[in-house]
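Here's a quick briefing to read alongside the model.

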Amino acid sequence: MELLLAPESWPFAVALVLLIALAVIEGAGLLLGVSVSAWMDNLLPEVDADFDSPLDSWLGWLHIGKVPILVLLVLLLTAFTFIGLVCGAVAHSLFGFYPPALLTAPLAFLGALPVVRAGGAALARIVPADETSAVPLSSLVGRIAVVVNGTARYGRPAQARVRNEAGQTFYVHVEPDSEGSELATGDAVLLVSQVSGARFHAIPNPRPDLL
C-alpha cells in the first residue's frame with residue numbers, strides 16, 4: 001500500500017482506478033442492457049487485413065479488431081500497473097528510493113505492449129472476433145444474424161453473429177431501424193442496411209425458417 005500511495009507511483013494508481021471504473025461501468029451497462037465494449041469497438045477504425053498503412057499494422061500487431069477493445073484495455077492497464085509497481089518495489093529494495101514516474105511509466109508502458117499482444121493472441125482463439133476477409137461488410141445486408149451480447153436499442157447497438165454466403169463468421173453491431181424497438185440476446189434479426197463499418201440496422205427475422 002505504501003508503494004501504491006507514493007507520489008512516484010501516481011501513474012499506476014491512476015491505472016488501477018481506471019481498471020476499477022471500467023469494471024463498474026461495464027457491470028452497470030450489462031444491467032441496463034448496454035454493451036460498453038460494443039460501444040468502444042464502434043469508435044475504432046476498421047483494421048485492414050492487408051496492413052496497408054502503419055496504423056493498420058500497429059493495430060493488427062495488438063490484435064485490435066480481433067479481440068474486444070475493452071479486453072485489450074484491461075490487459076494493458078493490468079500489465080502497466082503490475083510492471084510499474086514491481087519496478088518501483090525492486091528499486092526501493094535495492095537503492096532505498098522509488099524511481100520517478102517519468103522513468104518508470106514509459107518503461108512500464110513499453111513492457112505492457114508485448115503482454116497485450118500475447119494475451120490478445122491467446123484470447124483471439126476463444127473470444128468471438130470479426131473474421132478478416134476481402135468481402136465487403138456491405139454484402140452482409142440481407143443476411144440473418146443472431147444477437148449474442150446485450151440488448152440493442154435505437155442508437156445503442158449490440159453485438160451479433162452473422163455468416164456470409166461462403167460460411168465465414170462475422171461479428172457486427174446491430175440496432176433497430178426505428179425508435180422504441182429492442183433486439184435482445186438470442187434474437188434472430190435481418191440486416192436491412194449498413195450504418196457504417198460493422199454497424200447495421202436490423203429488424204426481427206420476418207422468416208424464421210430462413211435461419
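Let's start with a charged pair: arginine 153 and glutamate 182 make a salt bridge, with their closest N and O atoms 3.0 Å apart. (A salt bridge here is a side-chain nitrogen of Lys or Arg within 4 Å of a carboxyl oxygen of Asp or Glu.) Keep in mind that this is a predicted model, where local features need pLDDT of at least 70, side-chain atom pairs count only at pLDDT 80 or more, and totals for chains, interfaces and linings use all residues. Residues are numbered from 1 along each chain as its sequence is written, and side-chain values use heavy atoms, with hydrogens and water left out.

**Salt bridges**

- The count comes to 2 salt bridges.
- Strands (E, at least two residues) and helices (H or I, at least four) are DSSP runs, numbered from the N terminus.
- Arginine 153 is partly exposed, at 24% relative accessibility. The cut-offs are under 20% relative accessible area for buried, over 50% for exposed, and partly exposed in between (1.4 Å probe, protein chains only).
- Glutamate 175 forms a salt bridge with arginine 199, and here the closest N and O atoms are 2.5 Å apart.
- That pair also links distant parts of the chain, with glutamate 175 in strand β4 (residues 169-176) and arginine 199 in strand β7 (residues 199-204), 24 residues apart.
- Glutamate 175 is buried at a relative accessible area of 4%, while arginine 199 is partly exposed at 21%.

**The barrel**

- Five strands make a closed barrel: the 5 strands run β1-β3-β4-β7-β6, with mixed pairing. Two strands count as paired if DSSP finds at least two bridges between them.
- In general, strands of a sheet pair through backbone hydrogen bonds, either parallel or antiparallel.
- Strand β1 (residues 144-149) pairs with strand β6 (residues 188-196) in the antiparallel sense, over 3 bridges.
- Within that pairing, isoleucine 144 stands opposite leucine 190 in β6.

**Aromatic pairs**

- There are 2 aromatic pairs in the structure. Rings of Phe, Tyr and Trp (its six-membered ring) pair if their centres lie within 6.5 Å; planes under 30 degrees apart are stacked, over 60 edge-to-face, and the rest tilted.
- Phenylalanine 12 and phenylalanine 80 make a tilted pair, 5.0 Å centre to centre with 45 degrees between the planes.
- Phenylalanine 12 sits in helix α2 (residues 10-32) and phenylalanine 80 in helix α5 (residues 69-95), so this pair links distant parts of the chain, 68 residues apart.
- Phenylalanine 95 is exposed at 58% relative accessibility, whereas phenylalanine 97 is partly exposed at 46%.

- Leucine 18 lies in helix α2 and is partly exposed, at 44% relative accessibility.
- The C-alpha atoms of leucine 18 and threonine 78 are separated by 9.9 Å, and these residues are 60 apart along the chain.
- Phenylalanine 95 lies in helix α5.
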